[in-house]
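Try each task before you read its solution.

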Amino acid sequence: MRELRLVTDKHEWGFMQSSPDEAQLLRMLIKLTGARNTLEVGVFTGYSLLATALALPEDGRVIAVDVDRDYYEIGRPFIEKAGVAHKVDFREGPALDHLDALLADERNLGAFDFAFVDADKPNYVRYHEQLLRLVRVGGTIVYDNTLWAGTVALPPDTPLSDLDRRFSAAIRDLNARLSADERVEVCQLAIADGVTICRRLV
């Protein structure tokens, strides 16, 4: 974990990787819930993916989806070195398409215990609808960046970059929807850039 983190820190997009305390939280949640089949939407170099694979039992698996295999290839040697590559099923391409493909097979409905989402923020709401069908009742869905550097709490007229304004609006919409969604029980934590944990109720 440390070696992969140090390598990713040197990458121009290194700020995108999950923080150590967030990775520790994911590992603990997976172990506490006894998760075996998991999903990861958004991989980057695989820091959180490695945390997940290490926490899963020997026969566990994580389907990891990202639009860019090159980033994943940076982390793959560390996943192999940790002896958990056999748990990882990496799939390149748009996550919406890959999740739809999983949904097309009825055997996947409610077949997953845990999902972690750290991808394109404007699609979080769409991922939520897909994951609610893939993750079992009682299972867990975790969303990253749900505070977006605190911008979700700023007044609407606060000067922001175009990207921050767009992503902050998407996250505010997600937070409002999750809060009102009776299909899940929600807990938002001020860890890293905001982590929201959802337990599927129905």
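What follows is a set of exercises, each with a worked solution.

**Before you start**

This is a predicted model, in which local features need pLDDT of at least 70, side-chain atom pairs count only at pLDDT 80 or more, and totals for chains, interfaces and linings use all residues. Residues are numbered from 1 along each chain as its sequence is written, and side-chain values use heavy atoms, with hydrogens and water left out.

**Exercise 1. A covered helix**

Find helix α3 and work out which of its residues are buried.

*Solution.* Start with the terms. Helices (H or I, at least four residues) and strands (E, at least two) are DSSP runs, numbered from the N terminus. Buried means under 20% relative accessible area, exposed means over 50%, and partly exposed is in between (1.4 Å probe, protein chains only).

Next, go to residues 47–55, which make up α3. Eight of the nine residues there are buried, so the helix is mostly covered. They are Y47, S48, L49, L50, A51, T52, A53 and A55.

**Exercise 2. Around Y47 and S18**

Which residue lies over the face of Y47, and what does S18 touch?

*Solution.* First look at the ring of Y47: R5 lies over its face, at 5.3 Å from the ring centre. The rule here is that NZ of Lys or CZ of Arg must be within 6 Å of the ring centre and within 35 degrees of the ring normal.

Now move to S18, in the loop between α1 and α2. With a relative accessible area of 4%, S18 is buried. Contact means heavy atoms within 4.5 Å. Leaving aside residues up to four places away in sequence, S18 touches R5, Y47, S48, F116, D118 and D144.

**Exercise 3. Salt bridges**

How many salt bridges are there, and which parts does the D113 and R136 pair tie together?

*Solution.* A salt bridge is a side-chain nitrogen of Lys or Arg within 4 Å of a carboxyl oxygen of Asp or Glu. By this rule the count is 14.

Take D113 and R136: their side chains meet at 2.8 Å, N to O. D113 is in strand β4 (residues 112–117) and R136 in strand β5 (residues 135–144), so this bridge ties together parts that are 23 residues apart in sequence. D113 is buried, at 12% relative accessible area, while R136 is partly exposed, at 26%.

Then try R69 and E73, a salt bridge of 3.4 Å, N to O. Both residues lie in helix α4 (residues 69–81), four residues apart, about one turn of the helix.

Last, pick up R183 and D181, whose closest N and O atoms are 2.9 Å apart. Salt bridges that share partners also join R69, E73, R76, E80 and E92 into one network.

**Exercise 4. Aromatic pairs**

How many aromatic pairs does the structure hold, and why is the Y72 and F90 pair called stacked?

*Solution.* There are four aromatic pairs. The ring centres of Y72 and F90 are 4.1 Å apart and their planes are at 0°, so this pair is stacked. Y72 lies in helix α4 and F90 in strand β3 (residues 88–92), so the pair ties together parts 18 residues apart in sequence.

Check the cut-offs: rings of Phe, Tyr and Trp (its six-membered ring) pair if their centres lie within 6.5 Å, with planes under 30 degrees apart counted as stacked, over 60 as edge-to-face and the rest as tilted. Finally, Y72 is buried at 6% relative accessibility, and F90 is buried at 10%.

**Exercise 5. Along α7**

Where is R165, and what does R165 touch?

*Solution.* Go to helix α7 (residues 162–180), where R165 is found. R165 is partly exposed, with a relative accessible area of 36%. Not counting residues up to four places away in sequence, R165 touches P156, T158, P159 and L160. For a sense of distance, the C-alpha atoms of R165 and V137 are separated by 34 Å, and these residues are 28 apart along the chain.
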